[in-house]
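Hi,

Here is the structure I promised to pass on to you. Have a look at it first, and my notes on it follow just below.

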Amino acid sequence: MPEGPEVRKHAAAIHKALAGKPIEVFTARTKGARLWLQEHPNILIGKRVEQVYSHGKHLIGILQDGFYFHSHLMMWGRWQVLPNTEPIPVDRRERARIATADVIAILFSAPVFEVGQGNPVEQVEYLGSLGPDILPYHGSFDTEAFLNRLLKSENQQRTVGAALLDQQIVAGIGNYLRAEILFDCRLDPWKRVSDLEQSAIDCLCRSIPLMAQRAYITSATVPDDLRTRMKGDDSLVYRPGREYGTRHYVFRRTNLPCLHCGDIVRQLRQVTREDEEGERTRIIYFCPTCQGTSVELKKPRAKSKPQVKPDKTEAAPTRKRAG
Ligand SMILES: [Zn+2]
């Protein structure tokens, strides 16, 4: 499922392909955008794409004369950029299409795509209330804004595992990044925000932008030397020689040895507040020893088949509205 780094890659690719070019085709099949386009026929044709950027898991395109579009990929959405050389038939999963003379950007399977005029941050639900981006375009991660939001009294009794998924506290962390950040900081996902020591808070402020940058640049949260170690040691992966399970410390490494202490990585469903994808619980992956978890655990299973779908919440969106 796309998190901040993946959405940023889509935004960068679309910006590179479309920016500065006039739009020749703009279609949408999501309800709101389709109606808007019917009410404003051809209004976007000839308008230049000025900028495409992301904030958290939201992608925003700014068009000439104050128009914009916005997408949220939820669980399964993706953007694809193709050369505009021959006609591309409309796939049933297509949700939107923006074409210039030489390229086409097509949005597949995303339930949220909107178009409008004005400031998207004021007009699009949730955009105005997002926390600081884990991948800031300018300067460094805004730790002051992050801590102001995290440490609000209303969040004090929440678990840190749930708080990191709250896009109003910090924007762009999803299920893999939160597991990796909590492992990196050796933090119990069930620890209450009110119980976080200063050293844990400092670590979160360092680890959030570090993990996000690493995921954006290398598509992995572990450094290269650890990936090499996993690729060369069959006991650390589900299937020798496969890329699967070599990108992360704990995420989807259930029942495999912890890379730090050798204990068995575990997974458990953790209660969260209803999130952008409409889920109320998410699977958290963790090392009980490194992270000092006190939750009750069943006996670990021996290393077996890959846990290809351990996380049911990754399998089916239950709501259609984005956060
Ligand atoms: Zn460990």
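H6 passes H7 in a right-handed crossing; a crossing is called left-handed if the near helix is turned anticlockwise from the far one by less than a right angle, and right-handed if clockwise. Helices (H or I, at least four residues) and strands (E, at least two) are DSSP runs, numbered from the N terminus.

Before going on, two notes on the source. This is a predicted model, in which local features need pLDDT of at least 70 and side-chain atom pairs count only at pLDDT 80 or more, while totals for chains, interfaces and linings use all residues. Residues are numbered from 1 along each chain as its sequence is written.

Back to the pair: the axes of H6 (residues 175–184) and H7 (residues 198–218) come within 9 Å and cross at roughly 130°. Axes here are lines fitted to C-alpha atoms, for helices over the stretch in contact, with angles from 0 to 180 degrees between N-to-C directions. H6 and H7 are therefore oblique to each other (under 35 degrees counts as roughly parallel, over 145 as roughly antiparallel, 65 to 115 as roughly perpendicular and the rest as oblique).

On the H6 side, the contact is made by Leu177, Glu180, Ile181 and Asp184; H7 brings Leu204, Ser207, Ile208, Met211, Ala212 and Ala215. Two residues are in contact if their C-beta atoms, placed from the backbone, lie within 7 Å. By class, this contact of H6 with H7 has 7 nonpolar, 1 polar and 2 charged residues (Ala, Val, Leu, Ile, Met, Phe, Trp, Tyr, Cys and Pro are nonpolar, Asp, Glu, Lys and Arg charged, and the others, Gly among them, polar).

**The sheet**

An open sheet is formed by 4 strands in the order S2-S3-S4-S8, with antiparallel pairing (two strands pair if DSSP finds at least two bridges between them). Strands S2 (49–55) and S8 (112–117) are the edges, each pairing on one side only. From one strand to the next, the twist averages 15°. S2 is joined to S3 (residues 58–63) by 6 bridges, and His55 stands opposite His58 in S3. H1 lies across S2 and S3, running at about 175° to S2.

**The domains**

The chain is assigned domain 1 (4–129) and domain 2 (143–314); such bounds come from an automatic or database domain assignment. Their C-alpha centres lie 31 Å apart. Domain 1 gives 10 residues to the contact and domain 2 gives 12. Helix H1 (residues 4–18) supplies the largest share of the domain 1 side, 4 residues.

Best wishes
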